[in-house]
Amino acid sequence: MYRHFFSAAIVTLFAGASANAAENPALTIYRADSDALFESGASPVTEGYAVVHESRTLKIGDGHQTLVIDGLPVALDAEAVSIDLGAGSRVLAQRVLSTGDGGALAAHRGEKITIGLRAGGLQGTLLGVNDGALIVRDDASGQIVYVREYDTLRFTQGSGLPGSTLQLVADGKAGDVSAALTYPTSGLGWRAAYSARMLEGATCRMRLDALASIANRSGRDYGASTLKLVAGSPNIARQGVPRVFAGKAMMSAAPAPEAMPEQSSLGDYRSYAIDGTLDLPDASVTQVPLYASRDLDCQRLWIFENGGAWFPPKPMIGPGDVPTGASGPIQSQIRFQSTENLPAGNLRVLTRDRDGHIEFLGEARMADTQKGRAVTVALGNPFDLSANRERTAFSIDKAAHEMNEGFRVTLTNSGETARTITVREHPNRWRAWSLLSSSQKPSKQTPETLEFEVAAPANGKATLDYAVKYAWTPKDE
């Protein structure tokens, strides 16, 4: 017969005497591209990847026994958990229990508990959680008991913290051991956050600030942690799993890093070791400097591009086979040379307005960029610049296997400052082509691209005319 206990009281959890807590965990956090990690919100997410190294103090008895380590992330990789109990003890089997749909207590199934009731108490083994009721095997009677309301709940082993629980079947000798625990988990990730403030002057100069944004949406706090950030894209086969919010524990504040991260190689990737220790509260984004601020030379670009770099399998000789006219905005870009290895992240470009306020010009994502490489970032479409493209000539001589085509590009600058606009054309009716004529010399010519640097005066217009000749053989048709 089942016994049911009812008591009108607030639920309170207490850890048993053998409770263990993470001691200064070391986290290796990998770069993550997911915006979900960095958005506001309390719920854990499945994106991101980190490897956590923790030290847990465990009380071990003689012989075969069950040990409990709890307060772990909800979505740790159960197949990759590793623990070393040191000399004299060994793990015979291990099991990871997650919360599932049973709430925070569900991860403590199989643990010994003491339940405080208004009238008496109960000791036993937690078997599960069902619709708010604890399912307990009573030590005294061996019966299965459903407990819906209670005053207190104490855990004989572990800390009682929410999250996943690691249960170990071990063989050892009595004493306290410092167990080395390692596990991968999602819900942790980092990416670079760059800001480039344009400096005043006649030439393009910018002040680049580089921060590391570290997101913790794992469902648990990591206090006083040693951090290593890895830049690069290792292959991660494990897919995310459904997550349940695991709750939070109180955490004392660790001091902020004082020095810049130490950069080094890690296999095929780059690592950044953060100075000192840092707190990573759950549902937070923490930023630390990645590099010291520095002033860099830069170049402002305004691009009008037509088409793309490709060629058809045979010549396109019909007048309407390719678009002949286009009008629209011009893209604003900024380009600079990297003086450091720049991990992937977002770059925000800022400028100081006449009133002294720092204002936003544009933002774009940067890929991993090695030291010494050029970085080009698209900022947006300028309000004062526009372009119009029209075909001015077209002729074909099928017998001679030749075709000529001419275009005019009109650039309008309604702003107060003159601009040099790059007109980027892709003659792609056929792969064999040559420049027949142009109103100005091209600045760049490749098998796929024609570029012209056209000066557009303030409050004025500029015109570019050019023509190309295509040639092919009968075998190409």
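Which residue forms a salt bridge with Glu 305? The partner is Arg 424, and the closest N and O atoms are 3.5 Å apart. Arg 424 sits in strand β29 (residues 419-425) and Glu 305 in strand β21 (residues 284-306), so this pair ties together parts 119 residues apart in sequence.

Before I go on, some ground rules. This is a predicted model, where local features need pLDDT of at least 70, side-chain atom pairs count only at pLDDT 80 or more, and totals for chains, interfaces and linings use all residues. Residues are numbered from 1 along each chain as its sequence is written, and side-chain values use heavy atoms, with hydrogens and water left out.

Now the terms. A salt bridge here is a side-chain nitrogen of Lys or Arg within 4 Å of a carboxyl oxygen of Asp or Glu. Why pair at all? Side chains of opposite charge can pair when their charged atoms come close. Strands are DSSP runs of E, at least two residues, numbered from the N terminus. Buried means under 20% relative accessible area, exposed over 50%, and partly exposed in between, with a 1.4 Å probe and protein chains only.

Back to our pair. Arg 424 counts as buried, at 17% relative accessibility. Glu 305 is partly exposed, at 41%.

How many salt bridges does the structure hold? There are 19. Take Asp 35 and Arg 191, which meet at 2.9 Å, N to O. This pair links distant parts of the chain: Asp 35 is in the loop between β3 (26-30) and β4 (50-60), while Arg 191 is in strand β15 (residues 188-198), 156 residues apart. Asp 35 is partly exposed at 34%. Arg 191 is buried at 13%.

Arg 191 has another contact. It lies over the face of Phe 38, 4.1 Å from the ring centre. The rule: NZ of Lys or CZ of Arg must be within 6 Å of the ring centre and within 35 degrees of the ring normal. Arg 220 lies over the face of Tyr 222 in this way, at 4.0 Å.

One more bridge. Arg 391 and Glu 405 meet at 3.3 Å, N to O. Arg 391 is in strand β27 (residues 385-397) and Glu 405 in strand β28 (residues 402-413), 14 residues apart. Is Glu 405 buried or exposed? Buried, at 3% relative accessibility.

Next, rings. The structure holds 5 aromatic pairs. Rings of Phe, Tyr and Trp (its six-membered ring) pair if their centres lie within 6.5 Å; planes under 30 degrees apart are stacked, over 60 edge-to-face, the rest tilted. Tyr 272 and Tyr 291 are edge-to-face, 6.0 Å centre to centre, with 80 degrees between the planes. Both are buried.

Last, the cavity. On a 1 Å grid over the protein atoms alone, a cavity is a set of points where a 1.4 Å probe fits but cannot get out, and lining residues have an atom within 4 Å of a point. The count is 1 cavity of 30 Å³ or more. The largest cavity holds about 60 Å³ of space. Strands β16 (205-216) and β21 each supply at least two lining residues.

That's my tour. Thank you.

Methods. Helices (H or I, at least four residues) and strands (E, at least two) are DSSP runs, numbered from the N terminus. On a 1 Å grid over the protein atoms alone, a cavity is a set of points where a 1.4 Å probe fits but cannot get out, and a pocket is an open set with protein on both sides within 12 Å along at least five of seven lines; lining residues have an atom within 4 Å of a point. Grid points are joined across faces, edges and corners, and a volume is the space filled by probe spheres set on the points.
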